[in-house]
Amino acid sequence: MLQKALPKILITGPTGQVGSKTINFLLSNSDVEIIAAVRTAEKAKPFTALGIKTVILDFDDENTHLPALEGIDRILIVTGYTVDMLRQSKVLLDNAKKAGVKHVVHLGACGPDNTTIGHWAWHQLVERYIEWCGFTFTHLRPETFMQNLLSYGGKKAITNGVINAYVEGARLSWVDVEDVAQVAAIALQNPELHSGKTYRLGYDACSFDDLAVKMTSIIGKPFRYEALSPEIFLQNMIEAGAEMAYMGCVYEHWKRYAAGTIPGADETFDNFEGITGKEPTKWNDFIEKHKAELNY
């Protein structure tokens, strides 16, 4: 009897927070084959060591796309933080269509369908292109990552108990990256159950002042929040040579958070248990889990 081929799942961004954790969740399922999309042979080595297949795929080199997508049934698309994400996503999706990919799970951004935040809207344009191409799909729209409290933009977010952020006293909706990855893995494993779904992922609402109080209580050392002007963020990005079309949007959304002009900024959702059968991570759980990293 011929053995049925396993569905092949391609993970882009496999070294990032969401991609790597999605792979971790998928590893326990022997009914799918995981392939990690990497840009260089050097980046393939850690995956090869774990017995995970790899392919070379560079978003900016379309000549790598069709070879990487050959035989792929499902794909997780995670793009970087530049305006190039629009072109990269379109070209990759065009080639995925040619290659016969069936289901696309896309990591997008916050917001309802009528968002006016620039980079959130860009992700929604990608979502619509996925639908227009005729793929079955699952759109993921995570709210602010709890992990941003550990580090943001490659820098620690807390120094000697002082939390810095650019949003004044705004309450934000938050989600643990682990929870986002778990939903991604489930959607990739069971596309028939999650096709046509847009999952907004945010399960606890807190201001940074609230977080300082929680950390002080749980860790047993004083924490406090000092708001920074969004202008500092903008200057830091310029000095770092960041891609400013994208970071300009981020700067504008920090200003709008601070001014309280983003509708539903602290909205939370009740879909996680229905998708996973588990409760989502709340802030007290997250702080407890990362106590050693947050301590000083």
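Student: Leaving aside its neighbours within four places in sequence, with which residues is His 290 in contact?

Tutor: His 290 is in contact with Gln 147 and Leu 150, once its neighbours within four places in sequence are left aside. Contact here means heavy atoms within 4.5 Å. This is a predicted model, in which local features need pLDDT of at least 70 and side-chain atom pairs count only at pLDDT 80 or more, while totals for chains, interfaces and linings use all residues. Residues are numbered from 1 along each chain as its sequence is written, and side-chain values use heavy atoms, with hydrogens and water left out.

Student: Where does His 290 lie, and is His 290 buried or exposed?

Tutor: His 290 lies in the loop between helix 12 (283-289) and helix 13 (291-294). Helices (H or I, at least four residues) and strands (E, at least two) are DSSP runs, numbered from the N terminus. With a relative accessibility of 13%, His 290 counts as buried; the term means under 20% relative accessible area, with exposed over 50% and partly exposed in between (1.4 Å probe, protein chains only).

Student: Which residues is Thr 64 in contact with, neighbours within four places in sequence left aside?

Tutor: Thr 64 touches Ile 56, Leu 57 and Asp 58 under that condition. Thr 64 lies in the loop between strand 3 and helix 3 (65-69) and is buried, its relative accessible area being 14%. Thr 64 and Ser 30 are 34 residues apart in sequence and 27 Å apart in space, C-alpha to C-alpha.

Student: How is the packing of two helices described?

Tutor: Two packed helices are described by the angle between their axes and the distance between the axes. Here, helix 5 (residues 118-133) and helix 10 (residues 244-259) pack at an angle of about 120°, with axes 7 Å apart. Axes are lines fitted to C-alpha atoms, for helices over the stretch in contact, and angles run from 0 to 180 degrees between N-to-C directions. Helix 5 and helix 10 are therefore oblique to each other; angles under 35 degrees count as roughly parallel, over 145 as roughly antiparallel, 65 to 115 as roughly perpendicular and the rest as oblique.

Student: Which residues make the contact between helix 5 and helix 10?

Tutor: Helix 5 contributes Gly 118, His 119, Trp 120, Trp 122 and His 123, and helix 10 contributes Ala 245, Tyr 246, Cys 249, Val 250, His 253 and Tyr 257. These residues divide into seven nonpolar, four polar and no charged. Ala, Val, Leu, Ile, Met, Phe, Trp, Tyr, Cys and Pro count as nonpolar, Asp, Glu, Lys and Arg as charged, and the others, Gly among them, as polar.

Student: At what angle do helix 9 and helix 10 pack?

Tutor: Helix 9 (residues 230-240) and helix 10 pack at about 170°, with their axes 9 Å apart; the two are therefore roughly antiparallel to each other. Among the residues of this contact are Phe 233 and Leu 234 of helix 9 and Val 250 and Trp 254 of helix 10. The division is 10 nonpolar, no polar and two charged.

Student: How many disulfides does the structure hold?

Tutor: A disulfide is a covalent bond between the sulfur atoms of two cysteines. The structure holds zero disulfides, the criterion being a pair of cysteine sulfur atoms within 2.5 Å. For Cys 110, the nearest cysteine sulfur is that of Cys 249, 13 Å away. Cys 110 is buried, at 8% relative accessible area, and Cys 249 counts as buried at 16%.

Student: How do strands of a sheet pair?

Tutor: Strands of a sheet pair through backbone hydrogen bonds, either parallel or antiparallel. In this model, an open sheet of seven strands has the order 3-2-1-4-5-6-13, with parallel pairing; two strands pair if DSSP finds at least two bridges between them. Strand 3 (53-56) and strand 13 (197-201) are the edge strands, each pairing on one side only. Strand 1 (residues 8-11) and strand 2 (residues 33-38) run parallel and are joined by four bridges; the partner of Ile 9 in strand 2 is Ile 34. Helix 5 lies across strand 5 (103-107) and strand 6 (136-142), at about 170° to strand 6.

Student: What is the order of the open sheet of three strands?

Tutor: That sheet has the order 7-12-14, with mixed pairing. Strand 7 (144-145) and strand 14 (204-206) stand at the edges with a single partner strand each, so one side of each is left without a neighbour in the sheet. Strand 12 (residues 172-175) pairs with strand 14 in the antiparallel sense over three bridges, and Trp 174 has Asp 204 as its bridge partner in strand 14.
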